[in-house]
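Please examine the protein shown below, first as a whole and then part by part. The explanation after it is meant to be read with the structure in view.

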Amino acid sequence: MTDIGSPIKIGTKICKNRITMAPTVKFATDDSGLVTDEFVAHYEERAAHGCGLIVVEATCVDKTARLHPTQLGLWNDEQIEGHKKIADAAHKYGALIIPQIHHGGLGTHPECGPLTSPTKVKWNSGFAESEAVEMTKDDIKRTIQNFIDAAVRAQKAGYDGVQLHACHAYLINDFASNVNKREDEYGGSVENKARFGCEIIEGIRKACGEDFIISARISGADPTIEESLEVAECYVKSGCDYLQVSCGIGEFNMMPHDEKLPYNRIAALGVLMHEHFKGRVPVSTVNGFRDVEKVRYMFENDLIDTIDLACGLLADPAFSEAILNDTPYVKCFNCPACGFGPGHSHPCPAMKLRGANEFASWS
Ligand SMILES: Cc1cc2nc3c(=O)[nH]c(=O)nc-3n(C[C@H](O)[C@H](O)[C@H](O)COP(=O)(O)O)c2cc1C
């Protein structure tokens, strides 16, 4: 049995408990990608309610690779000051905080730039179908440097580290997946397909030093569980301190699920990854943890090191406190209101119930 309120070491840092806020994009800035006061208040409120670690939403490293024209950025130095306000706000409450650094790859919004991919491929990004541009070696080197530069900016802003967005069909995931048909050193073997992510990790470690968390949010089955474990091994060998496990592009939907498990198929991938990396690097799982009982079950049975909460914490920031201290909270309705789509324009019923009015696009 693991105490949810017990600290855990992530890299060289101590996270005060086992609850992490999952990255959740707001699409609430403008073309500048700058942090506004709404973002600061949003993260401060979640930190105040006790999250041990916060992962700030997908934050783009390249203006032409955004997944929406109103996505947050870390592609230039002017953006550092706003991020410093977010980092300071979380640190006031003793939370660790890291931004998720991101390149849209096959998920790039057509108004922001072309779809880019390790290999030329026809792809429907959800916004439009088009042919993705195959990256040249120069594109790859430049993009790796963009990630490293964004991490250096994150460090200047006072963040405790960064997380690579390496799942959900975005660029780092595209390299590790079956979409990658390259015949050079960035394609072919699993080690080659992981190379893009590894070079980013190694470059960040060199630029930011040991005292800086490098996390990766990876797919747990891309295209298979075995390959994802190998990719994760490569990332860890390169210096990744902390794995969060979600899903990607693989044939994951074809996999059977044990209906007796009280957590879903995506969360099960995190449990498998945790079993594999036990005692080496902490592993977090995500998906469907929207009530206190389900979160507690995972720790009572030692199934995971930390749990990422997304919709539950969007619906009510007090969800983390309820898990830790049995205080009241408004439960997520499991409705699609906060789901993807330009603007996230539907009202969150739980938020309305608690009288919140944050982010006009949600309420
Ligand atoms: C509004 C919204 C925004 C999201 N943004 C991101 C993101 O920026 N990065 C990411 O890796 N996942 C993102 N996700 C996925 C969540 O982090 C999480 O994996 C998913 O919602 C399942 O967890 P839950 O059941 O706790 O909501 C987002 C999900 C939602 C609903």
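The structure is a predicted model, in which local features need pLDDT of at least 70 and side-chain atom pairs count only at pLDDT 80 or more, while totals for chains, interfaces and linings use all residues. Residues are numbered from 1 along each chain as its sequence is written.

The secondary structure consists of 11 helices and 13 strands. Helices (H or I, at least four residues) and strands (E, at least two) are DSSP runs, numbered from the N terminus. Along its principal axes, the C-alpha trace of the protein spans about 55 × 40 × 40 Å. The radius of gyration is taken over C-alpha atoms, and the globule rule is 2.2 Å times the number of residues to the power 0.38. For 363 residues, a compact globule would have a radius of gyration near 21 Å, and the protein agrees with this because its value is 19 Å.

How much of the protein is buried? Of its 363 residues, 54% count as buried. A residue is buried if 20 or more other C-beta atoms lie within 10 Å of its own, exposed if 12 or fewer, and partly exposed in between, with C-beta atoms placed from the backbone. Two residues are in contact if their C-beta atoms, placed from the backbone, lie within 7 Å. Among the contacts with a separation of 6 or more, 69% are made by residues 24 or more positions apart.

In soluble globular proteins, nonpolar side chains tend to be buried together. A nonpolar core is a set of buried Ala, Val, Leu, Ile, Met, Phe, Trp, Tyr and Cys residues joined through C-beta atoms within 7 Å. The largest such core holds 111 residues, of which Ile54, Ile86, Ala90, Ile97, Ala151, Leu243 and Leu309 touch the most other members. Helix H3 (residues 137–157) gives the largest share of this core, 8 residues. Leu309 touches Ile19, Met21, Ala22, Phe289, Phe319 and Ser320, not counting residues up to four places away in sequence.

Attention may now turn to the ligand. There are 23 residues around the ligand, and Ala22, Pro23, Ala58, Ala310 and Cys311 come nearest. A residue is near a molecule if its C-beta atom, placed from the backbone, lies within 6 Å of it. Strand S4 (53–60) and helix H9 (311–315) are the elements that give two or more residues to this shell. The shell divides into 10 nonpolar, 10 polar and 3 charged residues. Here Ala, Val, Leu, Ile, Met, Phe, Trp, Tyr, Cys and Pro count as nonpolar, Asp, Glu, Lys and Arg as charged, and the others, Gly among them, as polar.

Strand S4 also deserves attention for its burial and its partners. In S4, 8 of its 8 residues are buried. Two strands pair if DSSP finds at least two bridges between them. Strand S3 (residues 19–21) pairs with S4 in the parallel sense over 2 bridges, and Met21 has Ile54 as its bridge partner in S4. S4 also pairs in the parallel sense with strand S5 (residues 96–102), over 7 bridges, and there Ile54 stands opposite Ile97.

Elsewhere, 3 strands form an open sheet with mixed pairing, in the order S6-S8-S7. Its edge strands are S6 (116–117) and S7 (121–124), each of which pairs on one side only. S6 and S8 (residues 129–134) pair in the parallel sense over 2 bridges, and Ser117 stands opposite Glu134 in S8.

Leu171 lies in helix H4 and counts as buried because it has 30 C-beta neighbours inside 10 Å. Leu171 touches His103, Gly104, Gly105 and Thr116, not counting residues up to four places away in sequence.

Most residues other than glycine have a negative phi, and most peptide bonds are trans. Ala169, in the loop between strand S9 (161–166) and helix H4 (171–176), has a positive phi near 70°. Ala169 is buried because it has 21 C-beta neighbours inside 10 Å. Asp302 also has a positive phi, of about 50°, and is found in the loop between helix H8 (292–300) and strand S13 (306–309). Asp302 is exposed, because 11 other C-beta atoms lie within 10 Å. The peptide bond from Asp222 to Pro223 is cis, with omega near 0°. Pro223 is placed in the loop between strand S10 (213–219) and helix H6 (225–238).
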